[in-house]
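Good morning, and thank you for coming. Please keep the sequence and the model in view while I speak.

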Amino acid sequence: MPLPPFPIKTRRLVLRPYAAEDADQLYRAQSREDVTQYLYWGPRTREEAEVALADRMTRTALTVEGDRVILAVDLADTGELLGEVHLAWISEEHRTVEIGYIFHPDYAGYGYATEAAAQLVRIAFDDLDMHRVIARLDADNAASTRLLERLGMRKEAHFVRNEFVRGRWADEAVFAMLDSEWPSARVAEPFVRGLPGHA
Ligand SMILES: CC(C)(COP(=O)(O)OP(=O)(O)OC[C@H]1O[C@@H](n2cnc3c(N)ncnc32)[C@H](O)[C@@H]1OP(=O)(O)O)[C@@H](O)C(=O)NCCC(=O)NCCS
């Protein structure tokens, strides 16, 4: 599927493929318990983070169903690496992709993750002609839930203790947006929704 050329720019951010120079910052994020507590993996050792980086550097295209693009997200003004976003091609037949995001806590609370995720939603509908964008998360992940609500995605499912993740039974939530819902979500400028003065 034809992604826009890299780097992809948003108001404050630059989305680009990972590079070898990102090793320290990726390890800084992936080695933290608070970053990985709702993920299927982690915290990662330095060696595990380097393997993850090598894998991420290859994830730059959606060629066949099942592919996943993982992009590093920099702050445009400073070039600091804030985190990453994921775009996974779930189904060709059903024109569905899944979004994901992981940001370092040092950069939490500025709307950066929402802004980067909103760009993926735009790409999915405007560039890739998708029918449905989904996100799956641990239902206890409150920050991720708020982000998806800011994007205008609907909660569609809540599975009760359906996954055994890192030693505990976890609930899984599924959020979604359809192409028919996207025009009104776009008009609402999702990355500012929910802020004072932007209700
Ligand atoms: C999920 C995650 C990316 C959310 O991070 P976040 O900092 O809450 O999200 P954003 O960067 O979009 O910032 C939003 C916050 O900034 C505030 N904010 C400030 N300026 C903003 C702006 N211009 N636009 C939007 N929000 C803004 C919002 O009010 C919001 O705060 P609130 O949630 O307390 O109401 C982060 O918690 C994370 O990486 N967690 C670890 C990995 C993970 O669990 N990933 C998800 C797996 S499903």
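In strand S3, which residue is the bridge partner of Leu15? The bridge partner of Leu15 there is Val73. Before I continue, this is a predicted model, in which local features need pLDDT of at least 70 and side-chain atom pairs count only at pLDDT 80 or more, while totals for chains, interfaces and linings use all residues. Residues are numbered from 1 along each chain as its sequence is written, and side-chain values use heavy atoms, with hydrogens and water left out.

Let us consider strand S3, residues 68-75. Helices (H or I, at least four residues) and strands (E, at least two) are DSSP runs, numbered from the N terminus. Two strands pair if DSSP finds at least two bridges between them. Strand S2, residues 13-17, pairs with S3 in the antiparallel sense over 5 bridges. S3 also pairs with strand S4, residues 81-91, in the antiparallel sense, over 7 bridges. Within S4, Val85 is the bridge partner of Leu71. S3 and S4 form a hairpin with 5 residues between them, and Gly79 in the turn has a positive phi of about 80°.

Is S3 mostly covered or uncovered? Of its 8 residues, 7 are buried, where buried means under 20% relative accessible area, exposed over 50%, and partly exposed in between, with a 1.4 Å probe and protein chains only.

I turn now to Gln30, which lies in helix H1, residues 23-30. Gln30 counts as buried because its relative accessibility is 2%. Leaving aside residues up to four places away in sequence, Gln30 touches several residues, including Trp41, Pro43 and Arg56; contact means heavy atoms within 4.5 Å.
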